[in-house]
Amino acid sequence: MTPDAAPAAPPVAAELVHRLYVLLKAASVYGRGNEGYRRHSEEAREVLRRAQAEEGDLRIEAREGRLFLNRRPIRFQSEASAAVRFLCEEMARRGVGVVEFAAGCAPDTLDAFAFAFQATRPRRGEGLDDLRARLRDAHASGVSVEEDVPAGEGAAAEEADAAALARRAFLRALTVVQDAMKRQRAGQPVELARARRAVHGLVDRVIADPQALFELGALRSFDAYTYAHCVNVSVYAVAIGARLGLDRARLAELGFGGLFHDLGKARLPIGLIDKPDEFDDADWRRMRRHPALGAKSLLGLKRDADRVLARAISMAFEHHLGADGSGYPRLKAPRRPDLFSRICAVADAFDALTSGRVYQKTPMGPDEALRRMALRAGSSFDAFLLRALIGAVGVFPIGTVLLLDDGELGVVWRNDPNDLLPRGSRSSPTRAAPGPPASSTSRRPTRRRAGRGARSRAWWTRSATG
Ligand SMILES: [Fe+2]
Ligand SMILES: [Fe+2]
């Protein structure tokens, strides 16, 4: 997809750029206490608040004379060209490619940024470090800057096909989860800004082409399964949220919470997480501590109020609670979990069932997983959200093995959101289904089989999720 073909950033993005331009100009002329500066600052803060309400984190990228918000091109009226040129040139002189304002950052973050930016020595090789040091000195933790995006990457280089972009976003998120879990085990804090950037990448890809990410999830070829599970849950949760029509800021909250819903497992013995055998009662007692441990870990990450983190904390704590208040951790006064937690529970169970790597060691076909989940609709799972998941992944999700009406076997490798019947790859019944097909055909299946082994009923009654 070329940048011009990509969906544009909302109109508030152009307003924000204009306000930033005026504020930077004012900061170069006035002092912080000046009446004229304060007026410009108030106006800029108001636009920043509106933009954050729509988008959550705000990632402003300058590249090749153009500006992007959260990887979408910002469309301007012609009179804004001075602002665009100024920002692109001044950022480039300081070696800055990206400025990111975190959702819910303190109101005076804009002022700290404006004065630090103007005071920075505008020389390549020094500017970025100087600016970072000035932001640190000003305690402006809500804004971060990154260097120029290398050619071939970034929002202006969207020519790569959807599969490559999806894979890149998936792997980046995978690295973030892996790193976060390792840091947790070592007693070090998680890098929140990096995680947020990774989540934005996932949200972009889910909005653009969720099927490309579902395909990656279906491959299951990653060694570190626990990490891939967290990314898959994040992807499914965002896909469900998108079906519900949630705005981008909410999708980013969902994605972030999904990525860290199992962070508590990093505080359990690694031998338990990777145990190849079935869990015994003692294992289960320990494993059921991970929601509370995860919430506690997330609570300790940041002192100031943060909506994204608050959502993640409740998702970590509640994702094993049933829609009817069943499940764990046991609450003295059972209640219905938050909407985002119910979404996470559905996404979590679907990935846990189809992966066969979390608790139960044998995987289940995705269509069978949906059928089993449907049996628990209204109790363990929110029935409406389960329908949203089915709408997102398809009636026969990617990876389902189908027995077609002519007796041939097929594997679903692609779903069209406008046509719930899948595209599949066929093979003779006596041969294994091949990998990605050279050609595909839509076939109406008359029967279907779960392709990944039979399930243990006993397991299902014991734990529905991962
Ligand atoms: Fe979990
Ligand atoms: Fe999980």
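The exercises below, each with a worked solution, go through parts of one predicted model.

Residues are numbered from 1 along each chain as its sequence is written, while chains are lettered from A and ligands numbered from 1 in the order in which they are written. Since the model is predicted, local features need pLDDT of at least 70 and side-chain atom pairs count only at pLDDT 80 or more, whereas totals for chains, interfaces and linings use all residues.

**Exercise 1. The protein as a whole**

Find how many helices and strands the protein has, and what percentage of its residues is buried.

Solution. Begin with the elements, which are DSSP runs numbered from the N terminus, helices being H or I with at least four residues and strands being E with at least two; the protein has 18 helices and ten strands. Next, apply the rule for burial, by which a residue is buried if 20 or more other C-beta atoms (placed from the backbone) lie within 10 Å of its own, exposed if 12 or fewer do, and partly exposed in between. Of the 466 residues in the protein, 48% are buried.

**Exercise 2. Helix H2**

Determine how far H2 reaches, and where around its axis the buried residues lie.

Solution. First, take the span: H2 covers residues 35–55, which are 21 residues, and reaches 30 Å from its first C-alpha to its last. This is close to the expected 30 Å at 1.5 Å a residue, where the expected span is 1.5 Å times one less than the number of residues. Second, list the buried residues of H2, which are His40, Ser41, Ala44, Val47, Leu48, Ala51, Gln52 and Glu55. Seen down the axis, these buried residues fall within an arc of 140° (the arc of the directions from the helix axis to the C-beta atoms), so they line one face of H2. Third, turn to the other side of H2, where Glu35, Arg39 and Glu42 are exposed. Finally, just after H2, Gly56 takes a positive phi of about 75°.

**Exercise 3. Following the paired strands**

Starting from S1, work out which strands pair with it and in which sense.

Solution. Two strands pair if DSSP finds at least two bridges between them. S1 (residues 58–63) pairs with S2 (residues 66–69) in the antiparallel sense over four bridges, and Arg63 stands opposite Arg66 in S2. S1 is also joined to S4 by four bridges, again antiparallel, with Glu61 opposite Val98. From S4 the pairing continues to S5, antiparallel over five bridges, and here the partner of Val98 is Glu146.
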